[in-house]
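Here is a short tour for someone meeting this structure for the first time. Take a look at it, then read on.

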Amino acid sequence: MEKQASEKNIVLEIEDLVVNYETDGVVVHAVNGVSLRLEKGKTLALVGETGAGKTTTALSILQLIQDPPGKIRGGSITMDGDALLTFSERQMESIRGDKVSMIFQDPMTSLNPVLTVGQQIAEVIQIHQKVSKAEAEQKAREMLELVGIDGGRAGEYPHQFSGGMKQRVVIAIALACNPTLLIADEPTTALDVTIQAQVLELMKELREKYQTSMIMITHDLGIVAETCDEVSIMYAGRIVEHGTLRDIFKETRHPYTVGLFNSLPNIKRRQEMLKPIKGLMPDPSNLPTGCSFHPRCDYAQAICSTRKPAQTFLSDTHFVECLAYESNTGVTITKKEG
Amino acid sequence: MSEQASALKKYKKRSQMAEVWLRFRKNKAAIFGLIIFTCILLVSIFADVLVDYETKVKQQDFMNRMASPSWEHPFGTDEFGRDILGRVVHGSRLSLAVGLGSVAFSLLLGGTLGAVAGYYGGRLDNLIMRIVDIFMAIPSTIMAITIMAALGASTFNLMLAIGISFIPTYARIMRSSVIGLRNTEFVEAAKAIGAKNSTIILTEILPNCMAPILVQITMSFAFGVLNVSTLSFIGLGISPPTPEWGNMLSTAREYLRDAPHMCFFPGMAIALTILSLNLLGDGLRDALDPKLKQ
């Protein structure tokens with residue numbers, strides 16, 4: 001992560017973040033030393049299986065991890081020069097929704113069923129800006145127009161909207177205070193494909209307009225290709241491969257990333273059987289020693305179970321955590337087919 | 001085209017309250033309860049206009065003691081020759097006021113305790129709910145009698161005494177609703193926009209708990225009215241000569257053989273009030289339950 005280039009305009013920097021979920025004697029290592037940095041206006045994708053620690057990483061930026069059992073055990077999160085982990089609850093409240101906004105996975109449940117959408121958009125504006133109720137409601141109507149919904153519908157309740165429109169409302173809430181950073185936690189998983197495209201397009205448009213940086217959490221590599229600038233592949237609480245969109249899609253290096261791509265149906269070779277990654281995510285309360293991917297890795301050698309891989313930089317922007325790319329380990333990856 | 005537009009408009013106009021009202025309207029018994037209760041409420045609000053307190057309620061007429069119902073006295077007269085109709089009408093005021101006061105008191109206190117316990121959980125929850133459990137273990141009438149005996153008879157104390165016995169119910173209902181809502185995604189979303197805990201409880205969670213609370217309000221209101229009369233009947237509530245249904249019954253009891261109408265009318269008033277409130281509450285519960293939505 002120690003690249004010197006593009007030092008300018010870093011919006012968010014996470015160093016060595018460690019998050020555990022601790023319950024009676026069992027410690028679940030959800031995030032084990034994640035580092036990432038995000039430039040202004042750029043979009044970073046966090047990709048990985050369920051339970052890889054993507055959402056936990058994102059929630060720790062807002063310090064919204066349920067405590068107990070969630071505990072941030074190490075590392076630092078810096079945003080615009082402020083160390084967020086030292087902030088008090090009150091200071092965090094002033095940041096949430098204002099500088100950092102979050103879009104949740106399911107728009108059906110992230111809107112309050114008994115409040116009108118106008119009230120819900122106005123709420124965030126009233127919390128963070130010193131405006132009267134009428135002004136906030138006016139602004140709420142403008143936000144609705146911005147996401148392509150008739151402002152006259154501000155007085156309606158969430159159940160009167162379709163799923164795609166609800167997600168637009170959620171986006172309107174997230175962008176109402178013009179945040180520096182937008183965290184989207186699988187924003188389109190609950191939507192059908194045609195609506196997905198619309199929502200993604202809308203998010204892209206608005207982000208470019210306001211120069212908002214974004215962390216996009218997803219397991220859909222198609223969405224990543226469409227919307228993101230940089231990609232971090234997460235596995236068992238670590239970033240195992242990171243690079244620009246091109247690095248990851250064209251110069252795929254880590255066996256896990258390769259496995260992810262192989263798990264996708266390929267429209268060009270339709271007879272081909274899908275090759276899912278064998279096995280399951282390791283139990284995060286009992287992670288394997290060495291490289292945590294080695295039990296599922298096709299190329300694993302004895303050394304993989306004893307030695308933890310370090311970050312190996314393949315270029316300025318691209319790094320991978322795999323012993324195959326470190327010198328003198330004896331691990332090699334033989335590509336079987338193109 | 002225009003038909004479609006009007007259909008759309010009709011759909012849009014259907015807010016949640018309107019839907020609840022539509023379902024409520026289909027319930028004949030509930031509508032009956034609503035009408036009766038509205039009448040009782042109006043009578044008690046306009047009691048002074050309907051029946052003059054000085055001439056009808058306080059005026060004694062010893063020539064006309066315990067008279068049976070007649071045109072002059074539709075409900076008859078009591079042991080001092082006072083008009084029972086006037087006394088029943090004015091008696092409604094205190095019963096309803098104390099009933100309402102006790103509900104408001106317990107809703108405020110019990111609701112707050114329950115919401116705090118449910119939202120914050122953990123040790124605080126345990127502490128609050130165990131105290132509430134202690135209150136729940138004492139029979140409500142005995143509790144009210146004890147409080148009235150200790151504090152002395154006054155309208156305010158009466159509200160307090162009756163209200164305290166409702167606190168556990170409100171606390172429990174509120175707590176269970178809040179626990180169900182605490183971990184919903186919209187509460188998490190509200191946290192993510194920087195809302196304070198108090199804001200979340202008041203603006204996000206509370207409107208979602210209204211259905212069970214509303215039903216409980218009508219039910220405990222009925223119970224409150226009944227309790228006022230019970231306490232007055234045993235002489236711990238509102239004492240004569242102030243007219244109150246319970247104390248009217250209490251004195252009328254002695255003349256039950258000679259003048260049964262003295263018992264009948266205040267008794268009917270109590271029964272009707274409670275019946276109407278219970279019907280109303282049942283109807284509300286059915287109307288507010290989205291599972292019964294057609």
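How many residue pairs in polar contact does the rule find across the interface of chain B and chain A? For this predicted model, the count is nine residue pairs, both residues being at pLDDT 80 or more. A polar contact here is a pair of N or O atoms within 3.5 Å; within protein, one must be able to donate a hydrogen and the other to accept it, and residues adjacent in sequence count only if both atoms are side-chain atoms.

## Ground rules

Residues are numbered from 1 along each chain as its sequence is written, and chains are lettered from A and ligands numbered from 1 in the order in which they are written. In this predicted model local features need pLDDT of at least 70, side-chain atom pairs count only at pLDDT 80 or more, and totals for chains, interfaces and linings use all residues, while side-chain values use heavy atoms, with hydrogens and water left out.

## Where the chains meet

On the chain B side, 23 residues are in contact (heavy atoms within 4.5 Å) with 28 residues of chain A. About 2,100 Å² is buried between the two chains, with carbon and sulfur atoms giving 54% of that. Buried area is the accessible area (1.4 Å probe) that two parts lose on being put together, summed over both.

On chain B, the elements giving two or more residues to the side that touches chain A are α1 (2-13), α2 (16-25), α10 (185-192) and α11 (197-205). α10(B) gives the most, with six residues. Helices (H or I, at least four residues) and strands (E, at least two) are DSSP runs, numbered from the N terminus.

## Inside chain A

Now for the sheet: eight strands of chain A form an open, mixed one in the order β6-β7-β8-β3-β9-β10-β12-β11. Strands β6 (100-103) and β11 (312-313) of chain A sit at the edges with a single partner strand each, so one side of each has no neighbour in the sheet. Two strands pair if DSSP finds at least two bridges between them; β10(A) and β12(A) run antiparallel and are joined by two bridges.

Over all chains, there are 14 salt bridges. One of them links Arg37(A) with Glu13(A), the closest N and O atoms being 2.7 Å apart. Arg37(A) is in β2(A) and Glu13(A) in β1(A), so the pair ties together parts 24 residues apart in sequence.

Terms used. A salt bridge is a side-chain nitrogen of Lys or Arg within 4 Å of a carboxyl oxygen of Asp or Glu.
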